[in-house]
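Welcome! Take a look at the structure, then read on.

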Amino acid sequence: MPNAADLYKRLAASLDRRREKSTLRSLDPPAYNASELVDFSSNDYLSLAHSRPLLSSLQSAIASHDGPLYGPASSRLLDGNSTHHLELEDLLRTFFDGPAALLFNSGFDANVGIFSCLPAAEDTIVFDELIHASCHDGMRHSRARTKLAFKHNSPSDLERILGSLQSKDGYKSGKDQIYVAVESLYSMDGDVALLVQFLDVIERMFPKGNCHLILDEAHTTGICGRQGRGLACSLNVQDRILIRLHTFGKAMSCSGGVIICSPTLRNYFVNYARPLIYSTVMSHLAVIAMRQSVLFMQNGQADEARLNLQSLAKHTQAQLQCALANIPYLQHLPPSPQETKESLDFLSPIIPVLTRHPRPLSKYLISKGYLVRPIAHPTVPKGQERIRICLHSANTKSEIEGLVKCILEWTESAEAQTLQRGDNTLQAKL
């Protein structure tokens, strides 16, 4: 081993700083058995990870699969471009109602690929301030010299930003391009993008068509719209969006991602998206699993779970609104305002409860049998710490009521009272 004492000293100091701030992450085994807790944490919104019918269909598909299950041990551009991958892309293109589809090993890879290779130096990326980390990583590698954030889910602030670009010659003539990046459902605040309003702003301000929307549908895939096709399809605006990203590691209980785009864009990414070009292609097993999940959706077998998830979201919102009304230091974020009749029926299964002390609250809930994770800085901004409730169709109303009851019990505990007194003292000094 080389002598790297100075390196390790520097790294240890960085980790110590995070430990002192209680922001240190780790992969240590949890101090609890997750299988014994009620799951209010994972993104398995439709509970497909525990679906016996889906498991049965997957087993049948594996048994009838023609060819190797493992591999291909190659980049897709070398020996990994099997007919099974192409057939899955054709199924996804049809299911998500788009002209072409391109598989990536993950949604993270897809976002990095899109934002790192598509914008040219003279182009501009405009993004929601709460956009996913993968978009930021893609933008760091992008040739685009200008990257501008707008206030979260604010069409008026997007209009302000785009207005500052309108008079520039390249954008005015239509030669230079602007890419606007938003998510359909945000994983921290649990709010839904005002998608139609964003599109109206873009098309009104840049009628030459050189301002484009890129939509990340990671958290709406499977749970929003007819058969889970996502927010864009539910609003019938899919043809107005340049690129849609759907992922399969959440409601679909698989892994991998797909971008829905034009054939020209697909061919461009095949040639320039480094996460695609320089990665081993997803295995045949992953392809089979993705295909069966999509067919499960397409055949209507997840419709009941989707409806139940919406019922649970409505019940949870009502319970929290009533329980936390008189507790100023706990604030749950209600559903975001909906913009059209078509989206009124969709409620987010992600419900944050803001608290300055997410870790003690989470620890208490876990001790009572409810798996709810704390979300702290740097994942969210300082002052926006929270616990995050993620609902699943297999949850029950009694489980939700038990969770809310335990949140109230914690507020009355000695620990919570002590923490609150400390917060009040600090606020008085400020």
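This is a predicted model: local features need pLDDT of at least 70, side-chain atom pairs count only at pLDDT 80 or more; totals for chains, interfaces and linings use all residues.

Is Arg306 buried or exposed? Arg306 is buried, with a relative accessible area of 7%. Arg306 makes a salt bridge with Asp303, and their closest N and O atoms are 2.8 Å apart. Both residues belong to helix 13 (residues 303–323), where they sit three residues apart, about one turn of the helix. Asp303 counts as partly exposed, at 28% relative accessibility.

**The chain as a whole**

Now step back to see the overall form. The chain has 16 helices and 13 strands. Its C-alpha trace spans about 65 × 60 × 60 Å along the principal axes. For 430 residues, a compact globule would have a radius of gyration near 22 Å, and the 23 Å of this chain agrees with that. Of the 430 residues, 52% count as buried. The accessible surface comes to about 20,900 Å², and carbon and sulfur atoms account for 52% of that surface. Among contacts between residues at least 6 apart in sequence, 74% join residues at least 24 apart.

**Salt bridges**

The count of salt bridges comes to twelve. Three of them are set out here.

| Salt bridge | N to O distance | Location |
|---|---|---|
| Arg266 and Glu89 | 2.6 Å | helix 10 (residues 263–272) and helix 3 (residues 83–95) |
| Arg204 and Glu159 | 3.2 Å | helix 8 (residues 195–205) and helix 6 (residues 155–166) |
| Arg306 and Asp303 | 2.8 Å | helix 13 (residues 303–323) |

The side chains of Arg266 and Glu89 meet in a salt bridge. Arg266 counts as partly exposed, at 23% relative accessibility, whereas Glu89 is buried, with a relative accessible area of 4%. Arg204 and Glu159 also form a salt bridge, and this pair too links distant parts of the chain, 45 residues apart. Glu159 is partly exposed, with a relative accessible area of 30%.

**A look at helix 14**

Which residues of helix 14 are buried? In this helix (residues 358–367), the buried residues are Pro358, Leu361, Ser362, Tyr364, Leu365 and Ile366. They pack against strand 11 (370–371), strand 12 (373–375), strand 13 (386–390) and helix 15 (397–411). Just after helix 14, Gly369 takes a positive phi of about 100°.

**Cysteines**

How many disulfides does the structure hold? The structure holds zero disulfides. Cys261 is in no disulfide, and the nearest cysteine sulfur, that of Cys117, is 11 Å away. Cys390 is in no disulfide either, with the nearest cysteine sulfur, that of Cys224, 16 Å away. Cys261 counts as buried at 2% relative accessibility, and Cys390 counts as buried at 0%.

Leu7, Tyr8 and Leu11 make a nonpolar surface patch of about 290 Å². Leu7 has its place in helix 1 (residues 5–20), and Leu7 is partly exposed, with a relative accessible area of 39%.

Notes
Residues are numbered from 1 along each chain as its sequence is written. Side-chain values use heavy atoms; hydrogens and water are left out. Patches are made of residues with over 30% relative accessible area and no salt bridge: like charges are joined within 9 Å, nonpolar side chains (Val, Leu, Ile, Met, Phe, Trp, Tyr) within 5 Å. Accessible areas come from the Shrake-Rupley method with a 1.4 Å probe; for residues, only the protein chains shown count as cover. A salt bridge is a side-chain nitrogen of Lys or Arg within 4 Å of a carboxyl oxygen of Asp or Glu. Helices (H or I, at least four residues) and strands (E, at least two) are DSSP runs, numbered from the N terminus. Buried means under 20% relative accessible area, exposed over 50%, partly exposed in between (1.4 Å probe, protein chains only). A disulfide is a pair of cysteine sulfur atoms within 2.5 Å. The radius of gyration is taken over C-alpha atoms; the globule rule is 2.2 Å times the number of residues to the power 0.38. Contact means heavy atoms within 4.5 Å.
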